[in-house]
Amino acid sequence: MEPIRFVKDRIKQLDAALGTNLLDPKRRVRGRKPRMLSVEVTSRCNLNCPFCLVGLQNQLASTEHDLLPRGLGTMESALYEKIVEDAASFGIEKMQLHFQGEPLLHKGIAEMVGLAKRRRMTTQMFTNGLPLTEPLADRLLDAGLDMLRFSVDGVSEEVYQKNRVGGQFWRVKRNMAMMAAKARARRSPIRLEWQMIAMRNNEHEIETARAMARELGLVFFVKTFAVTDPGAVPQAAQYQRKLHLKPCSDIYRAIFVYYNGDVVPCCYDIAGKAIVGNLQRQGLTEIWESAAYVDLRRRIDNAAACPEEEPELCKSCLKWGHEPFRTTDGKTVWADATAPAPGTDDDDELV
């Protein structure tokens, strides 16, 4: 195990034993208002990835987005305009224009970027890259998009199409190259990234992908696989996900909004199990300070000391746990507890 990760884990264990948060390395985050808002501009997707959280987080039989119990939809412009104003008043600094679904399918996505930029928020989105066209790339650059991350999990057609079902690698590679060329020509400050989720069927292609990203001019990093399928966990220990020890601090980093305005506290709540308000009817500050949201945060904060009070949603979490390679509900186990900690380039994003 890495020395830094070992120390962090021991500190959190000591905190739990003492019943305090004084030594919590994330204490600077816990208790503060989130600075990022993640907005689901659409719940629709053009792919059917077999590892997708839709369907595979112990709840649906398929990863088809049209099986989402809360339905498919696209955010209306009037609602988004209200959300941006609420976000600015709340103190949001970063607008993340994705949640479930593929954001580039929204016809007004560039205008959404521009609206957030006018309120001095940084903007970012994650995409599979396939719907990107030259006119759309120009519009996104014109709007001032700060970061675009391409999710590409293979460099051969065989591997890529296993992981991104319905897509073609040559198309997304072409689109990444096109976007990078346009950014260079404009001397745009946009950050372009290539994220590769490490899985058993693609770990042998990681270094080839890294070299290809460098050639294209994209920042490359490996993200650990959120274990929706233990059989897909990579064999190399450095690419295996290790859960952070609870209590979770992500609830103080971001707030998530569905296309219809429903607010949930967590990126793993894809089905609306912990809706705490709706931005069509309420303001963001009102929702954050509501009794339901406050109580939810209290129960999450006390997960280590009072696990019996932990929200049901959190017990199947694929990022935070009481053990490094086992979900709290015990339904998913994927590695030996003595395995070394991951050594990937994972940027610790919210999933």
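This is a predicted model: local features need pLDDT of at least 70, side-chain atom pairs count only at pLDDT 80 or more; totals for chains, interfaces and linings use all residues.

User: OK, and which residues of α3 are buried?
Analyst: L79, Y80, I83, V84, D86, A87 and F90. They sit on the same side of α3, because they cover an arc of only 165° around the axis.

User: What about the other side, which residues are exposed there?
Analyst: On that side, S77, A78 and S89 are exposed.

User: So what covers the buried ones in α3?
Analyst: The cover includes strands β1, β2 and β8, plus helices α4 and α9.

User: How does the span of α3 fit its 14 residues?
Analyst: At 1.5 Å a residue they should span 20 Å, and the end C-alpha atoms are 20 Å apart, so that agrees.

User: Switching topic: is β4 covered or open?
Analyst: Mostly covered: 5 of its 5 residues, 147-151, are buried.

User: Which way do they point?
Analyst: M147, R149 and S151 point one way, while L148 and F150 point the other way. In a regular strand, side chains alternate between the two faces of the sheet.

User: Which strands does β4 pair with, and over how many bridges?
Analyst: β3 runs parallel to β4, joined by 4 bridges, and F126 has R149 as its bridge partner in β4. Between β3 and β4 the chain passes through helix α5, in a right-handed β-α-β crossover. β5 also pairs with β4 in the parallel sense, over 5 bridges; there, R191 is the bridge partner of M147.

Methods:
Residues are numbered from 1 along each chain as its sequence is written. Side-chain values use heavy atoms; hydrogens and water are left out. Buried means under 20% relative accessible area, exposed over 50%, partly exposed in between (1.4 Å probe, protein chains only). Helices (H or I, at least four residues) and strands (E, at least two) are DSSP runs, numbered from the N terminus. Two strands pair if DSSP finds at least two bridges between them. A crossover is right-handed if, with the strands pointing away from the viewer, the path from the first strand over the helix to the second runs clockwise. The expected span of a helix is 1.5 Å times one less than its number of residues. The arc is that of the directions from the helix axis to the C-beta atoms. Contact means heavy atoms within 4.5 Å.
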